Amino acid sequence: MKLKVDTSFQRELTSTAEEESIVAEFTPRSENDYTVTCKINENNTCIFEVSVFAGSREEAKKIVDNWKENAYRIYPEILNSLNK
């Protein structure tokens with residue numbers, strides 16, 4: 001029984017740790033000017049960070065949501081483009 005609980009708990013911790021490693025937030029600078037910051041943290045260290053401009057709250061929210069759902073696909077694409 002203990003092994004079953006430990007195994008289930010470990011999966012929960014791993015899932016939570018993966019979620020916490022993807023960070024995205026937006027900060028309003030004015031009514032139509034937002035800075036969106038997207039990060040990937042690994043072992044409590046930021047390994048990637050990018051800040052972009054958004055022209056509306058809706059656009060900023062869309063970028064944040066997209067990063068949180070697709071960071072592990074987007075990040076390699078950005079690195080690949082930078083390494084060309």
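The chain contains two helices and three strands. Read from the N terminus, the order of these elements is α-β-β-β-α. The model is predicted. Of its 84 residues, 20% count as buried. The accessible surface of the chain amounts to about 6,600 Å². Carbon and sulfur atoms contribute 51% of that surface. Among contacts in the chain with a separation of 6 or more, 33% join residues 24 or more positions apart.

Helix α2 covers residues 57-82. Its end C-alpha atoms are only 28 Å apart. A straight helix of 26 residues would span 38 Å, at 1.5 Å a residue. Helix α2 also has a kink of about 90 degrees. The kink is centred on N70.

Several residues of α2 are buried: A60, V64, W67, A71, I74 and Y75. The strands take part in covering them. Strand β1 (22-30), strand β2 (33-42) and strand β3 (45-54) are included in what covers these buried residues.

C38 has a relative accessibility of 4%. Buried means under 20%, so C38 counts as buried. C46 has a relative accessible area of 37%. This value lies between the cut-offs of 20% and 50%, so C46 is partly exposed. The structure holds zero disulfides.

Technical notes. Residues are numbered from 1 along each chain as its sequence is written. This is a predicted model: local features need pLDDT of at least 70, side-chain atom pairs count only at pLDDT 80 or more; totals for chains, interfaces and linings use all residues. Side-chain values use heavy atoms; hydrogens and water are left out. Helices (H or I, at least four residues) and strands (E, at least two) are DSSP runs, numbered from the N terminus. Buried means under 20% relative accessible area, exposed over 50%, partly exposed in between (1.4 Å probe, protein chains only). Contact means heavy atoms within 4.5 Å. Accessible areas come from the Shrake-Rupley method with a 1.4 Å probe; for residues, only the protein chains shown count as cover. A disulfide is a pair of cysteine sulfur atoms within 2.5 Å. The expected span of a helix is 1.5 Å times one less than its number of residues. The bend at a residue is the angle between axes fitted to the seven residues ending there and the seven starting there.
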